Amino acid sequence: MLLLLNPEVLEEIVNADSGAPCSPRHTKKKHFIDSVKRGLSPQNNSKQMTEAAVVTCVKLCKASTYLNIADSGNVTFVLVKSVINDLKWLLFNPSKPYSRSPPGCYELELLSDCFVSLFRIMPHSNDALKVCLNLNTNMSYHYVIVNSLLRIKQQPQLLPWWPQIELLYPRAAELRAMFTDTLNKATQGYIVHTPLRMISLSLKSKEVQSKFNKPEEMPAYRNLLLLLVKLIHADPMLMLSVS
């Protein structure tokens, strides 16, 4: 990240990909940038290399939020654009949710950092948003968007180019659906991804019983529900807005 403090060196390294000359003094730095890009590549088979690259690129995106997004030609944004698609593919791929070794809460915070950063530098990009709002995706993505929206709402508006959360008011219907779905699962333990409906607790069939959460899964839905309630309290219009 220290490279960001020396834009002239960073520009030389980034431009080298287009055939521009790069000083031998910066060879190691260029090799580092290249290794990060390789770590994000789908062809990379090293999980350790991928994890290191993901952390580095999320920090890069986070740092870039402190640069004016109107300056799209800034070399930092050029570098971000060169890695952003691979980063989103790794972190917001519903068919293969991201996990580290060993798994834990850290990846959820990492995804939240990435989501907030993407919102601030690419507020009209909907890729990650669509994944996180989809009721059929892994519940971890639901946690990520709710946690991220809380951050966006509660953090001070430090910079004038950071987009306001009102930009997401048109997604209120999807957030309401998530709240209802989570409430249903948290209170009744119903976990399969089917259209929301009330399930009678008096039903005893094996088919119905198999659709209920295992006891250890219930706290996750309750925690998500609590987070959603906090979000509603912080900004009711995220749920109540009618577009």
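Okay, let's start with contacts, meaning heavy atoms within 4.5 Å: in this protein, of those between residues at least 6 apart in sequence, 64% join residues at least 24 apart. Before I go on, this is a predicted model, with local features needing pLDDT of at least 70 and side-chain atom pairs counting only at pLDDT 80 or more, while totals for chains, interfaces and linings use all residues. Numbering runs from 1 along each chain as its sequence is written, and side-chain values use heavy atoms, with hydrogens and water left out.

So, the fold. We've got 11 helices and zero strands, taking helices as DSSP runs of H or I with at least four residues and strands as E runs of at least two, numbered from the N terminus. Of the 243 residues, 44% are buried, which is to say under 20% relative accessible area with a 1.4 Å probe, protein chains only. The accessible surface is about 13,400 Å², and carbon and sulfur atoms hold 59% of that; that's Shrake-Rupley, again with a 1.4 Å probe.

Now let me pick out α3. This helix has 18 residues and spans 26 Å from first C-alpha to last, close to the 26 Å expected at 1.5 Å a residue, where the expected span is 1.5 Å times one less than the number of residues. Its buried residues include Thr-50, Glu-51, Cys-57 and Cys-61. What do they pack against? The buried residues of α3 pack against α2 (27-40), α4 and α5.

On to pockets. A pocket here is an open set of points on a 1 Å grid over the protein atoms alone, where a 1.4 Å probe fits, with protein on both sides within 12 Å along at least five of seven lines; lining residues have an atom within 4 Å of a point. Volume is the space filled by probe spheres set on the points, which are joined across faces, edges and corners.

The largest pocket comes out at about 290 Å³. It has 13 lining residues, with Lys-47, Thr-50, Trp-89, Leu-90 and Lys-96 nearest the centre. The elements giving two or more residues to that lining are α3 (47-64) and α4 (75-91). Thr-50, then, turns up both here and among the buried residues of α3.

The second largest pocket is about 200 Å³. Sixteen residues line it, and Phe-119, Pro-123, Ser-125, Asn-126 and Leu-129 sit closest to its centre. Here α5 (106-121) and α6 (127-133) each supply at least two lining residues.

Technical notes:
Buried means under 20% relative accessible area, exposed over 50%, partly exposed in between (1.4 Å probe, protein chains only).
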